[in-house]
Every structure is written in C-alpha cells, then in structure tokens.
Amino acid sequence: MSDNCGCNMEYKKEYLKNITRPFEDQTSLEFFSKKSDCSLFMFGCHNKKRPNNLIVGRMYDYHVLDMIELGIEKFVSLKDIKNSKCPEGTKPMLIFAGDAFDVSEDYRRLKSLLIDFFRGPTVPNIRLAGLEYVLHFTALDGKIYFRTYKLLLKKSGCRTPRIELEEMGPSLDLIMRRTYLASDDLYKLSMKLPKALKPKKKKNISHDTFGATYGRIHMQKQDLSKLQTRKMKGLKKRPAEKLTDNQENKPKKMKRRKIDSI
C-alpha cells in the first residue's frame, strides 16, 4: 500500500512539473518556441472548468504575440465521414464567411491567425487540378463552424468545369473563450518587413490585384506606311497602282510665269 502511495506522489509531482497553462504562464511556450525555432503553436487541454479546450497562437521574437482559446462543442473526425480524401500535403483554399471576421477585432485577429496556421508554403504557380482542398470558416451567432471539403471538378459542357463541394472531415463547432492579443504598435512591428526582403521598385512597372504585371514602354513615333508586312501574291500592287504611287510621291515642280515688261 505504501509503495502505491509513493508511486502516486511521484506521478503527481511529475505532472505538476510539466503542466502548461498558456494564459497564466507563457515561459514554457517561449522556451519550446526558441528551442525548436517555431513561430506557431496549438495546445489542447481538458478540465472541469474549460472542457475540450483548444488554444491557437503565434510567436514574435520568441515571445507570444497572439493567443486565442477556443472551446470544442462538437467534433466529427476524419474517419467518421466516409468519403474520398485529399492527399497529404495538399495546399488548402481558405474561405471565411460572416460579418464578424470584418467587424470584431477578436475575430479579425482569429482570421489572421488561422490564415498563418493553414496557408502552407508559398508557391509561384497554381495548377487547376491541384485546387481540391477547401477549409471553410463561418462565424454565426457567437460560434465558429469549421468545415473541410474536397473540391470536385465536373463536366459542364464548356471549357470551365462545374464545381461541387463534398464534405471530407474533420468538422468542428467552436466557441471563443479567452483571448490574448498584442497591442497595435507591437502588431504593426511584427508585420514590418526587413529591407532585404522588400521588393525593389522598378520604373514603369505596375501590378494589379490579381498579380499581373504591366509595363510602360516609351518608343519613337513610327511610320506605319513603311511597316514590313507578310508578303502575299494577292497583296502585290499592280503596275497602274505603282505608277499612281510614284506620281503622288514625286515633288511638284514650280511653274515659271512670264512677266510682261511694261
């Protein structure tokens, strides 16, 4: 009996030593962030006061920048939905629905945090067949509904395919509990790019919202009559036309007038 009590006491001491409470003490998160060189974290816990708890956050200079606590009210796993799945490592498309993501500061920061968490690597080109993974976040009546879909490209009878969404899983119903948000000055400082990463400005080159590049070229005035076109037999000038052109191009001679002497 005494041996069991001793084991339980050692287990409790080890548990209390390694327990993590991000909102009360952030030193352990900052230590692991610096050790593993990680800027994003997700922490799950469960207790009587806050059951099924999920904390999502990000770091700046190895210190906690933003941290939002979410409660899971409903969860459907990937295995529970019997549909085809996307291959691992597929870059997702993110969709946010609801006015709260644009009105409330907490939801606005949550949107930015979720984009950083799920956006994946930056790619220079996009393949149409690779657009098959959709993450949909809906803010409605104080809740966040997280749904995952697989995008299906169907035949539509024209060049543009018909798009259908098939739920793939997982699925979560979330509520926002506690938030830890950085000040506006610190948030702007974290978004500042160093000079080495800033793209150099080029003269007469602009970009639109879709990433297309436009350039302005300065050229001298061209004489389009001397422009070389494709030679075709049907476009050859007839002898009469050539004679007319030559006569028009010849400079006109000044006629001399006789002046009668008085």
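Modeller: Leucine 165 sits in strand S7, which covers residues 162-167. Keep in mind that this is a predicted model. Leucine 165 has a relative accessible area of 49%.

Now follow the chain past S7. The loop between S7 and S8 holds proline 170. The peptide bond from glycine 169 to proline 170 is cis, with omega near 0°.

Proline 170 leads us to the largest pocket. It is among the residues nearest the centre of that pocket, along with Phe118, Tyr133, Leu135 and Phe146. In total, 30 residues line the largest pocket. Several elements give two or more residues to this lining: strand S2 (53-60), helix H4 (105-118), strand S5 (133-140), strand S6 (143-154) and strand S8 (171-180). The space inside comes to about 510 Å³. What kinds of residues make up the lining of the largest pocket? There are 21 nonpolar, 5 polar and 4 charged residues.

Turn to the second largest pocket. Its space is about 390 Å³. It has 14 lining residues, and Arg58, Asp116, Arg119, Ser190 and Met191 lie nearest its centre. S2, H4 and helix H5 (184-190) each supply at least two residues of this lining. The lining splits into 7 nonpolar, 3 polar and 4 charged residues.

The whole structure holds 14 salt bridges.

Take arginine 58. It forms a salt bridge with aspartate 66, with the closest N and O atoms 2.9 Å apart. Arginine 58 and aspartate 66 are buried. Aspartate 66 has a relative accessible area of 0%.

Aspartate 66 has another partner, arginine 109, at 3.2 Å from N to O. Aspartate 66 is in strand S3 (residues 63-76) and arginine 109 is in helix H4, so this pair ties together parts that are 43 residues apart in sequence. Arginine 109 counts as buried because its relative accessibility is 3%, and the cut-off is under 20%.

Now go to aspartate 116 and arginine 119. Their salt bridge has its closest N and O atoms 4.0 Å apart. Aspartate 116 is partly exposed, at 27% relative accessible area. Arginine 119 is partly exposed too, at 47%.

End with two loops. Aspartate 61 lies in the loop between S2 and S3. Its phi is near 55°, a positive value in a residue other than glycine. Aspartate 61 counts as exposed because its relative accessibility is 56%, and the cut-off is over 50%. Aspartate 141 lies in the loop between S5 and S6. It is not a glycine, yet its phi is positive, at about 55°. Aspartate 141 is exposed as well, with 73% relative accessibility.

Definitions and conventions: Residues numbered from 1 in each chain as written. Predicted model: local features only at pLDDT ≥ 70, side-chain atom pairs only at ≥ 80, totals over all residues. Heavy atoms only, no water. Helix = DSSP H or I, 4+ residues; strand = E, 2+ residues; numbered from the N terminus. Buried < 20%, exposed > 50% of the residue type's maximum accessible area, 1.4 Å probe, protein only. 1 Å grid on protein atoms, 1.4 Å probe; cavity = no way out; pocket = protein on both sides within 12 Å on 5 of 7 lines; lining within 4 Å. Points joined across faces, edges and corners; volume = space filled by probe spheres on them. Nonpolar A, V, L, I, M, F, W, Y, C, P; charged D, E, K, R; others polar. Salt bridge = Lys/Arg side-chain N within 4 Å of Asp/Glu carboxyl O.
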